[in-house]
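Dear colleague,

I am handing over the structure below, and I would be glad if you could look through it before reading my notes on it.

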Amino acid sequence: MKAAVLHAPGAPLSIEEVTLSAPQAGEVLLRVAASGVCRSDHHVMTGATPHPMPVVCGHEGAGVVEQVGTGVTRVTPGDHVVLSWAPACGACFYCAHGLPAQCDTYLDPIWAGTMLDGTTRLGGTAGPIHHFSALATFAERTVVPESCCVPVRRDVPLEVAALVGCCVATGFCAARTRAKVQAGSRAAVFGCGGVGLNIIQGAALAGASRVIAVDVSAAKLRAARRFGATEAVDASREDPVAAVRRLTEGLGADYTFEAIGEPAVMAQAIAAARRGGTIVLVGLGPRAGMLPLGAGTFTREDKVLTSAYYGGCVPERDFPRILGLYAAGGLNLDDLITRRRPLEEINEAFADLISGEVIRTVITF
């Protein structure tokens, strides 16, 4: 089958013929229908996120089950599934406390680029090929752990459903599950890419009276208004902290979100929150990056600083709920897809991402 293989940081992705082994116990083989192009994949490509190579990236995907290994009970052939990039055992301390993305059992093998038994199912002429996030969706087919598969309704296009596996769930749940945005409150969202727009949607649906979008891209700020933003702040033209305060009667926002992963922007989100406000860091920054806090000021302001890895979502609960909202017309997911490309244009798809001209490019098969 064809897959996009990354051989070294900084190299382009190479479309190659690779082999895919049959699913082992507890694993599922599926035909990939669509995969979103996400900045987390780009971090692997640049080396900002260290990862064993060669690797097939792609972690925002959906497809159709074709074969299951022994012991699989969650899905059967023919099921439509959205993939979660955080396999969870369901039994460890973190899974039992509603944080499956922190699963003690599966974190280490996932970052080793293997399946849960420490081996790979992908191979090339030079040997094994690693899986990014146990998913490797930049391929025509993939083998994944059963716990990564969330069965979903069949009346939703799979290219739309794929986005729920990362940017939609991360953003929407950061607003609704982690922050628990209250009706009548005021929220500011720093970064209006795929994740940020879904934070905006989540805050708007929660009944926030003011949702302030902050970005340096005029196109993304226009998109933010379509997804529920009431105001837009161009951070390339004015101080975004001062602008948020101006739009909130000098107080600052009740909730601020950072959806880029840039320490300097994280600091702006912290400063833009009112005293007693809540700051949610959603974007994944560089591993070596540091976030300064005013040791003599932060405590005095009674602010709550938290993070939302994967938005704090529980995939088997939240993916179907989100798609139910979409099917009922309550969530705009169609407009997240700016461009569709075949696998052969994967490098052009990442150029789309870096240009800032798209919300999401989706690779379709």
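What follows is a short account of a sheet, a residue inside one of its strands, and a pair of helices.

Please keep in mind that this is a predicted model.

I would begin with the open sheet of six strands, whose order is β14-β13-β12-β15-β16-β17 and whose pairing is parallel. The edges are formed by β14 (231-234) and β17, each of which pairs on one side only, and from one strand to the next the twist averages 20 degrees.

Going through some of the pairs, strand β12 (residues 186-190) is joined to strand β13 (residues 210-215) by five bridges in the parallel sense, and there V189 stands opposite A213 in β13. Five bridges also link strand β15 (residues 253-258) with strand β16 (residues 273-281), again in the parallel sense, and E258 has L281 of β16 opposite it. Strand β16 in turn runs parallel to strand β17 (residues 304-307), to which four bridges join it, with L305 in β17 as the bridge partner of I279.

Leaving aside its neighbours within four places in sequence, T256 is in contact with A188, F190, A269, A272, A273, T278, I279 and V280. Of these partners, I279 is the residue already mentioned as the bridge partner of L305 in β17.

The other feature I looked at is a pair of helices, and two packed helices are described by the angle between their axes and the distance between the axes. For helix α1 (residues 39-46) and helix α10 (residues 346-355), the axes come within 11 Å and cross at roughly 105 degrees. Since angles of 65 to 115 degrees count as roughly perpendicular, α1 and α10 are therefore roughly perpendicular to each other. Which residues of α1 and α10 meet? On the side of α1 they are R39, D41, H42 and M45, and on the side of α10 they are F350, L353 and I354.

Terms used: Residues numbered from 1 in each chain as written. Predicted model: local features only at pLDDT ≥ 70, side-chain atom pairs only at ≥ 80, totals over all residues. Heavy atoms only, no water. Axes fitted to C-alpha atoms, helices over the stretch in contact; angles between N-to-C directions. Helix = DSSP H or I, 4+ residues; strand = E, 2+ residues; numbered from the N terminus. Parallel < 35°, antiparallel > 145°, perpendicular 65-115°, else oblique. Contact = heavy atoms within 4.5 Å. Pairing = 2+ DSSP bridges.
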